[in-house]
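This report describes selected features of a single structure. Please look over the sequence and coordinates before reading on.

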Amino acid sequence: MIDAYPIAAVYAAERLTMAPLADGELMDRAVDGLVKVARARLRDRPGRSVAALVGPGNNGGDALYAAARLAMRGFDCAAVYLADAVQAGALRAALQAGVVMKPVRDDSPVDAASAVIERADVVLDGIVGIGGRPGLPEFAQPWVAAIPDDAYVIAVDLPSGQDPAGEVADALGVWADETVTFSLAKPVHLLPATEPACGLLTIIDIGIDPASAAADPVVRRLDPGDVAALWPVPKPSDDKYSRGVLGIVAGGENYSGAALLAVSAAVAAGAGMVRYVGTPTPAALVRSAVPEAVHGPGQVQAWVIGPGLDVAARHRGAKAQLDVAREVLAGDTPVVIDAGGLDLVNGKRSAPTLLTPHAGECARLLTRLRRPAPRREIARAEVTSRPVQHARELAGLTGATVLLKGSTTIVVSPGSDLTHAQASAPAWLATAGAGDVLSGLLGTLVAAGLDLSTAGALGALVHGLAANRANPGGPVRASGVAAAIPGTVAAVLRVG
């Protein structure tokens with residue numbers, strides 16, 4: 001797994017690591033790692049020219065020292081920097097190595113700095129460090145605007161202008177092809193608003209022990225190697241009841257396929273038994289395609305409510321199905337609530353609850369649940385621009401764990417500062433029915449006894465891995481993702 005730590009904790013860990021070292025040793029390790037990455041990317045392109053964008057802080061020093069070392073290895077290196085606001089040692093090293101220096105003053109012509117940036121094959125972004133505020137400094141905006149479209153941009157620690165806390169992206173800031181950070185990941189690297197601006201994340205070990213941060217991580221990403229320790233693998237003494245019985249209230253006469261997808265995914269994920277409650281058409285589909293499912297309500301360890309559920313439907317069987325859903329939500333059994341089931345959420349819940357909205361559903365829920373009611377409707381774009389903030393607000397309003405779906409899926413729980421952020425899914429997974437498959441997968445994990453946040457993160461990880469396995473590099477059907485779950489689980493259990 002990858003854990004990201006609060007910025008203050010990262011600084012504390014760096015100070016503790018530096019204390020017994022010679023002056024400059026930690027920076028030297030960081031620069032050495034940065035140079036190795038830059039040389040590899042220059043070979044890959046192939047390219048010869050490097051431009052360092054040098055701010056006044058340690059990241060600027062890293063970028064300038066790296067440019068000096070690359071120049072000593074024969075690369076054509078230039079640096080743009082603020083006059084009188086650059087690390088003296090880095091400046092001496094760059095001058096001695098023959099780096100072309102372009103100091104910028106208030107009266108400097110923009111073209112002088114832009115010319116060296118526009119010729120670069122690789123750009124080293126060292127404008128702002130993790131201690132900076134969100135937003136690209138005004139002095140650097142012409143520098144970033146001059147970066148050529150075909151240059152490979154390597155950000156030092158974080159893309160300048162992006163929020164170190166990962167809450168909001170800066171459209172005018174740096175959008176890197178790769179971000180090189182040192183020993184500890186930061187929230188900016190893993191959270192959905194800013195992760196796209198980081199590009200490929202490369203973590204260079206410079207000897208900082210995560211334990212020295214003396215703080216809990218604030219963002220966590222599970223990887224395939226974590227699955228074996230978390231997945232509910234049955235023991236020889238287990239039976240179908242002890243493995244977890246899942247009830248699913250899903251589908252309807254208008255959205256019959258959702259039921260089949262959710263039930264199929266739950267069975268494929270290893271539920272001990274699945275009970276299905278639905279209207280005639282989806283019930284017939286489930287009977288035909290998933291003979292393992294049992295029909296009708298009964299004793300379960302968890303419920304999934306909502307895939308394909310239309311709370312306004314008046315078709316035959318719809319009222320009886322909705323009555324079961326309302327009865328479940330009035331009880332204390334753990335429940336995963338998705339899609340149409342979200343329309344039945346009216347405030348704080350006491351039963352263990354995992355909500356699984358996408359951004360539009362999250363916006364509608366917040367619009368409805370905020371008290372006093374807002375004067376305007378919350379837009380989907382507001383949620384996508386600040387996903388963690390809005391997911392946490394929804395968790396607070398409902399008392400539920402919230403899994404906010406997206407290209408990076410986040411999971412937050414009330415009373416916890418930890419955000420799970422999973423990004424294993426291919427873009428092809430943005431397809432009808434994918435959420436129904438995820439709900440069945442999540443329900444199986446909750447019925448097996450996993451806590452809600454772990455179930456959410458683990459389910460999102462395996463959902464994405466199954467989509468990749470279903471058709472690597474190409475389009476996937478939701479039903480193909482469900483069918484790929486057993487093989488995916490088996491494969492990652494072998495890895496563990």
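The sections below take up the sheet, the salt bridges and a helix pair.

The model is predicted: local features need pLDDT of at least 70 and side-chain atom pairs count only at pLDDT 80 or more, while totals for chains, interfaces and linings use all residues. Residues are numbered from 1 along each chain as its sequence is written, and side-chain values use heavy atoms, with hydrogens and water left out.

## Sheet

Helices (H or I, at least four residues) and strands (E, at least two) are DSSP runs, numbered from the N terminus. Two strands pair if DSSP finds at least two bridges between them. An open sheet is formed by 11 strands with mixed pairing, in the order β1-β9-β18-β17-β16-β15-β14-β13-β10-β11-β12. At its edges lie β1 (2-4) and β12 (294-295), each of which pairs on one side only. Strands β17 (residues 409-412) and β18 (residues 419-422) run antiparallel and are joined by three bridges. V411 has H420 in β18 as its bridge partner.

Helix α11 (residues 256-269) packs on the sheet, where it touches β10 (245-249) and β11 (273-277). Contact means heavy atoms within 4.5 Å. The direction of α11 makes about 165 degrees with that of β11; axes are lines fitted to C-alpha atoms, for helices over the stretch in contact, and angles run from 0 to 180 degrees between N-to-C directions.

## Salt bridges

Side chains of opposite charge can pair when their charged atoms come close. The structure holds 13 salt bridges, each defined as a side-chain nitrogen of Lys or Arg within 4 Å of a carboxyl oxygen of Asp or Glu. Among them are the following pairs.

| Pair | N to O distance |
|---|---|
| D3 and R220 | 2.7 Å |
| D28 and R69 | 2.2 Å |
| K405 and D338 | 3.1 Å |

The salt bridge between D3 and R220 links distant parts of the chain, with D3 in strand β1 and R220 in strand β9 (residues 219-221), 217 residues apart. Buried means under 20% relative accessible area, exposed over 50%, and partly exposed in between (1.4 Å probe, protein chains only). D3 is buried, at 18%, and R220 is partly exposed, at 22%.

D28 and R69 form a salt bridge. D28 lies in helix α2 (residues 25-44) and R69 in helix α3 (residues 58-72), so this pair ties together parts 41 residues apart in sequence. D28 is partly exposed, with a relative accessible area of 34%.

K405 and D338 also meet in a salt bridge. K405 is in the loop between β16 (401-404) and β17, and D338 in the loop between β14 (335-337) and β15 (353-355), so the pair ties together parts 67 residues apart in sequence. D338 counts as buried, at 2% relative accessibility.

A network of salt bridges links R41, D44 and E178.

## H463 and the helix pair

H463 is placed in helix α18 (residues 452-470) and is buried, with a relative accessible area of 8%. The H463 side chain reaches the backbone oxygen of A434 at 3.0 Å. Leaving out residues up to four places away in sequence, H463 touches L429, A434, V437, L438, L441 and V481.

The axes of α18 and helix α19 (residues 478-495) come within 8 Å and cross at roughly 105 degrees. That makes the two helices roughly perpendicular; angles under 35 degrees count as roughly parallel, over 145 as roughly antiparallel, 65 to 115 as roughly perpendicular and the rest as oblique. Residues of α18 that meet α19 include V462, H463, L465 and R469. On the α19 side, those in contact include V481, I485, T488 and V492.

Note on methods
Polar contact = N/O pair within 3.5 Å; in protein donor to acceptor, adjacent residues only side chain to side chain.
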